[in-house]
Amino acid sequence: QWSAEDIPTERDLTRYFGNVATLRRAVAVWASTPSAPSMGNFGATEANALEQILIDVDLVLTRISQAWFYLGDLYSAEV
């Protein structure tokens, strides 16, 4: 976990960018979800893309977990 005073190393950033890219590929997100950026020429647009990917993945996973209640599968065969 990083704090505001920490300065991530290149290894930390490589791992972070790779993890976000892996999440982006693993979860079926919207067409509007940006592609995972690379570390080269990193700026505000790329930072916003990383944040949007994480927001979209979180939303999709939250909706998937809630779908059990709406589909009725949660209580099936409990008679």
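Buried means under 20% relative accessible area, exposed means over 50%, and partly exposed covers what lies in between. The model discussed here is predicted.

Q: Which residues make the nonpolar surface patch?
A: The patch covers about 330 Å² of nonpolar surface, and its members are W2, Y16, L23 and L54.
One of these, Y16, has a relative accessibility of 30% and counts as partly exposed. The residues that make the patch are therefore W2, Y16, L23 and L54.

Q: How many aromatic pairs does a search of the whole structure find, and which cluster do ring pairs form?
A: The search finds 2 aromatic pairs. In one of them the rings of Y16 and F17 have centres 6.3 Å apart and planes at 80°, so this pair is edge-to-face; in the other, the rings of F17 and F42 have centres 5.3 Å apart and planes at 75°, so that pair is edge-to-face as well.

Q: How many residues apart in sequence are the parts that the pair of F17 and F42 ties together?
A: F17 is buried, with a relative accessible area of 9%, whereas F42 is partly exposed at 43%. Because F17 lies in helix α1 and F42 in the loop between α1 and α2, the pair ties together parts whose separation in sequence is 25 residues.

Definitions and conventions: Residues are numbered from 1 along each chain as its sequence is written. This is a predicted model: local features need pLDDT of at least 70, side-chain atom pairs count only at pLDDT 80 or more; totals for chains, interfaces and linings use all residues. Side-chain values use heavy atoms; hydrogens and water are left out. Rings of Phe, Tyr and Trp (its six-membered ring) pair if their centres lie within 6.5 Å; planes under 30 degrees apart count as stacked, over 60 as edge-to-face and the rest as tilted. Buried means under 20% relative accessible area, exposed over 50%, partly exposed in between (1.4 Å probe, protein chains only). Helices (H or I, at least four residues) and strands (E, at least two) are DSSP runs, numbered from the N terminus. Patches are made of residues with over 30% relative accessible area and no salt bridge: like charges are joined within 9 Å, nonpolar side chains (Val, Leu, Ile, Met, Phe, Trp, Tyr) within 5 Å. Accessible areas come from the Shrake-Rupley method with a 1.4 Å probe; for residues, only the protein chains shown count as cover. A salt bridge is a side-chain nitrogen of Lys or Arg within 4 Å of a carboxyl oxygen of Asp or Glu.
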